[in-house]
Structure formats: C-alpha cells, structure tokens
Amino acid sequence: MIQSFVITGFLGVGKTTMLINTVKKYFSDKKVAIVVNEFGDIGVDGNILSNVYSEVLEISEGCICCQLAEEFESGVIEIMNKYNPEIIFVETSGASEPFPIFLSLQNLGIAVEGVICVVDSKNLDSYKDNSTAKYQIGGSNIIVLNKTDLVTDSELETVRKEVIGIKEEYNIKNNLTGKMIFDRYVIDTAQQGLLNKEVFDGVYKVDEIIGFAKDYQHLDHTTRNSITQKVAYLKDNIQFNDIEAVLNALPKSIYRVKGVVRTNDVANPLVINYSFGDVSFEELESYTEPSIMIFIGEAIDNDLNELIKKFDFLQIPLFKVKK
Ligand SMILES: Nc1nc2c(ncn2[C@@H]2O[C@H](COP(=O)(O)OP(=O)(O)O)[C@@H](O)[C@H]2O)c(=O)[nH]1
Ligand SMILES: [Mg+2]
C-alpha cells in the first residue's frame with residue numbers, strides 16, 4: 001500500500017523547508033512523489049521543489065480542501081500511474097484545512113501515516129486567531145513547533161501550551177461516533193523543518209478509516225475572504241536593493257511575500273521567501289518567466305496600492321494573467 005503524509009500549517013511556517021530538508025534526508029532511498037498546493041494562481045514552491053524531487057505535481061488556483069478535491073484526486077491517480085511512488089507527501093496551501101485531503105487520500109486507498117501541522121514558534125501569536133490555523137492544528141496528529149532558533153525556551157513553552165489549548169478545542173471528531181479521530185498526537189520541535197526520524201516511522205499512523213467522507217461538512221473556514229493575495233510583475237533593470245527596499249516598506253497587513261526575480265547585480269534568478277518580517281533569498285539555476293512578487297495578507301488592497309505608488313517598477317496586472 002502506498003504511504004502518505006499530509007503537511008499542513010499556516011502561510012510561511014516552514015512546510016516547504018521541511019519537505020526539502022527532512023524528507024530528502026530520511027526518504028532518499030524511496031520513490032517519493034510530492035504534491036504541492038499553493039495559495040493563489042502562481043506557484044513558487046513548485047519551482048523550488050522540482051529542483052529537489054523528480055516527481056512534483058503542482059496544484060494551484062484555489063484550495064485543495066474546497067473546490068479542488070477532484071483535481072487533487074485525479075492528480076494523485078495520475079502521479080501513481082505514471083511514477084508508481086512508494087510514498088506521497090502532500091503540502092497543503094497555508095490557507096487550506098488538512099482534513100478533507102486526508103479523506104481524499106483514504107478514499108483513494110492510500111494509507112495516511114500522519115498529518116503533520118507545522119507551527120511557526122515565533123509568529124504563532126500573529127496568526128493563531130485565524131480559524132483556518134486552528135483547524136489545521138485540530139486536524140493533525142503530529143504537530144511540529146518549527147523555527148525554534150527564533151525563540152527562547154520559555155517562549156517555546158508558551159507556544160506549546162497555546163498549541164495544546166487549540167488542539168483540545170479543535171480536535172477533529174468523527175461526527176457519527178463522536179470519537180476523536182486523532183486520540184493520540186505528538187508535539188515535536190524542529191529547526192529548518194528538521195524532524196526526528198521516528199515521527200515518520202508510522203507510530204502515529206491513523207488507524208481509523210473514516211467511513212463518513214460523504215457526510216463531512218466543510219468547516220467554516222476563512223480561505224478566500226480573509227486571506228488575499230496579489231501578484232505584481234516587476235519591470236526589468238532593477239537592483240537587488242530595490243527588492244530589499246520593497247520588503248522594508250511592507251505594511252503590516254502583508255505578512256507573506258514570495259517571488260522569483262531577476263536583478264541586474266545578482267547573476268542568477270532569486271527566490272524571495274518572506275514571512276512575518278524574516279526574509280531569505282535563494283538562487284535558482286533557471287527561471288524563464290517574468291519576475292514576480294506575490295503579496296499575501298489580510299485586506300491588503302489599499303496598502304498594496306500605496307506600496308505600488310512608492311515603487312514604480314511594481315506592476316499589478318489589471319486582469320488576471322493565466323500561466
Ligand atoms: N529562522 C528560521 N527560518 C525558517 C525555519 N524554517 C523555515 N524558515 C524560513 O521561513 C520561510 C518560509 O518557509 P517555507 O518553507 O517557504 O514556508 P511554507 O509557506 O510553510 O511552505 C523561509 O524563508 C524559510 O527559510 C526555521 O526553522 N528557522
Ligand atoms: Mg510552501
């Protein structure tokens with residue numbers, strides 16, 4: 001039977017980083033397929049992950065937990081037929097819930113070894129009131145407090161307590177039997193998504209086959225209305241400094257920026273990965289599409305317009321641009 005793990009967690013917590021670091025480390029001897037669903041229309045993670053794994057299926061445009069169940073299931077079937085993987089990792093978008101994906105995998109006869117929720121130990125406070133974030137914790141059985149390098153021990157303990165509180169309140173139940181679906185769960189810690197191997201050994205394997213997929217009511221979550229994203233295209237002939245200037249000028253409402261840009265003073269295209277004030281850059285070997293920055297946050301429209309007035313090399317397309 002094919003095994004699978006679902007990796008969930010809010011925007012920018014370190015899900016892709018975990019796929020790059022941990023999964024590569026522990027599963028290099030297996031045929032691994034990755035399914036990545038990004039929030040919004042344009043994928044950056046898919047580009048990064050394709051450099052690491054040969055089989056990457058990117059599902060964009062919306063959220064696999066709501067509109068895209070069918071696309072997700074047919075994509076998984078396709079990857080199974082084409083590649084015959086031993087193990088599938090699904091990175092959900094930061095704005096989707098893991099539970100419907102868990103059900104889809106079970107419906108396809110794929111064993112779910114664990115639903116991993118990555119938590120940003122430094123920034124949990126900034127996003128913990130978002131209802132999707134709570135359902136992500138409630139719908140998981142392996143919770144990873146990531147970015148431990150950015151907090152003190154006592155801050156980490158506070159985060160752990162908060163997470164336990166949310167888990168107790170939002171723990172997902174079988175709505176036929178009223179039983180907890182994940183009666184056992186573990187909280188682990190990680191830096192750069194590097195987890196202990198035993199988390200993947202299937203000890204937390206979800207035994208209960210959920211017979212109520214059809215009855216499942218989609219929880220009231222916030223995907224589209226509260227979190228928004230806008231793509232900006234960048235004009236040519238910009239410097240690395242220009243990118244930094246934009247990131248330094250971000251309003252509070254924009255807490256996540258991803259992008260791939262070409263600048264005059266750096267030889268390779270750069271992946272920008274910004275979340276909650278922290279930024280990292282990574283060079284890509286090749287990227288032929290236009291330079292883009294994707295701005296993600298809550299009610300960002302006005303703030304983004306101000307930002308664009310300040311930086312004339314940023315252009316927001318008037319119409320949706322299809323890939
Ligand atoms: N300091 C620190 N940064 C991290 C850690 N894990 C991930 N990051 C950074 O957080 C940002 C978002 O990570 P990413 O994996 O893209 O998040 P995703 O949106 O959940 O997939 C990137 O800049 C990562 O380099 C960590 O443990 N410590
Ligand atoms: Mg990601």
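# A tour around ligand 1

Select α1 (15-26) and β10 (270-275): each supplies at least two residues of the shell around ligand 1, helices (H or I, at least four residues) and strands (E, at least two) being DSSP runs numbered from the N terminus. This is a predicted model, in which local features need pLDDT of at least 70, side-chain atom pairs count only at pLDDT 80 or more, and totals for chains, interfaces and linings use all residues. Residues are numbered from 1 along each chain as written, ligands are numbered from 1 in the order written, and side-chain values use heavy atoms, without hydrogens or water.

Stay on α1, which gives the largest share of the shell, three residues.

Next, show the 19 residues around ligand 1 (a heavy atom within 4 Å). Lys 15, Thr 17, Gln 192, Arg 256 and Ser 280 come nearest. The shell divides into three nonpolar, 10 polar and six charged residues.

Now select the polar contacts (pairs of N or O atoms within 3.5 Å). At Ser 280, a side-chain N or O atom is 2.7 Å from an oxygen atom of ligand 1. At Thr 16, a polar side-chain atom lies 2.9 Å from an oxygen atom of ligand 1. At Asn 146, a side-chain N or O atom is 3.1 Å from a nitrogen atom of ligand 1.

Finally, colour domain 1 (3-207) and domain 2 (223-315), whose bounds come from an automatic or database assignment. Both give residues to the shell around ligand 1, so ligand 1 lies between them.

Terms used:
Polar contact = N/O pair within 3.5 Å; in protein donor to acceptor, adjacent residues only side chain to side chain. Nonpolar A, V, L, I, M, F, W, Y, C, P; charged D, E, K, R; others polar.
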